[in-house]
Amino acid sequence: MAKVLKFKDVNSDVEHRMKDFEKLRTKFKADVKKAEAKRAAAGKPSKGIFKSISDFFSDSPANAQKKK
């Protein structure tokens, strides 16, 4: 026979998962704040890897006119 879950058991599991999620959410927020503080302390805002790669491979209008 399959185990039949009682409402109390299901509710307890949901509450446990919500508590775990809240812990992860607060940890993530703290990590984001630390990263922002680190960037502010460095002085120069980071562009991110995608922006850096895009800038590397793209010709800006100023560079294109200098080549001509």
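Helices (H or I, at least four residues) and strands (E, at least two) are taken here as DSSP runs, numbered from the N terminus. By this definition, the secondary structure of the protein comes to three helices and zero strands. The order of the elements from the N terminus on is α-α-α. The structure is a predicted model, in which local features need pLDDT of at least 70 and side-chain atom pairs count only at pLDDT 80 or more, while totals for chains, interfaces and linings use all residues. Residues are numbered from 1 along each chain as its sequence is written, and side-chain values use heavy atoms, with hydrogens and water left out.

Confidence is given as pLDDT, the predictor's confidence in each residue, from 0 to 100. The mean pLDDT of the protein is 75, and 68% of its residues reach 70 or more. Confidence is highest in helix 1, at a mean of 85, and lowest in helix 3 (residues 61-67), at a mean of 55. Where pLDDT is low, the predicted coordinates should not be read in detail.

A residue is called buried under 20% relative accessible area, exposed over 50%, and partly exposed in between (1.4 Å probe, protein chains only). Of the 68 residues in the protein, 0% are buried.

A search of the whole structure finds three salt bridges, a salt bridge being a side-chain nitrogen of Lys or Arg within 4 Å of a carboxyl oxygen of Asp or Glu. One of them joins the side chains of Asp-13 and Arg-17, at 3.3 Å from N to O. Both residues lie in helix 1, four residues apart, which is about one turn of the helix. Asp-13 counts as partly exposed because its relative accessibility is 37%, whereas Arg-17 is exposed at 57%.

Another salt bridge is formed by the side chains of Arg-25 and Glu-22, with an N to O distance of 2.8 Å. Glu-22 is found in helix 1 (residues 7-42). Arg-25 and Glu-22 are three residues apart in this helix and are therefore separated by about one helical turn. The side chains of Glu-22 and Arg-25 are also joined by a polar contact of 2.8 Å. A polar contact is a pair of N or O atoms within 3.5 Å; within protein, one must be able to donate a hydrogen and the other to accept it, and residues adjacent in sequence count only if both atoms are side-chain atoms. Glu-22 has a relative accessible area of 35%, so it is partly exposed. Arg-25, with 33%, is partly exposed.

A salt bridge also links Asp-31 and Lys-27 through their side chains (3.7 Å, N to O). These residues are four apart in helix 1, so about one helical turn separates Asp-31 from Lys-27. Asp-31 is partly exposed, at 35%, and Lys-27 is exposed, at 52%.

A nonpolar surface patch of about 700 Å² is made by Ile-49, Phe-50, Ile-53, Phe-56 and Phe-57. Patches consist of residues with over 30% relative accessible area and no salt bridge, where like charges are joined within 9 Å and nonpolar side chains (Val, Leu, Ile, Met, Phe, Trp, Tyr) within 5 Å. Ile-49 belongs to helix 2 (residues 49-57). Ile-49 is exposed because its relative accessible area is 68%.

Methods: Areas by Shrake-Rupley, 256 points an atom, 1.4 Å probe, with all protein chains shown as cover.
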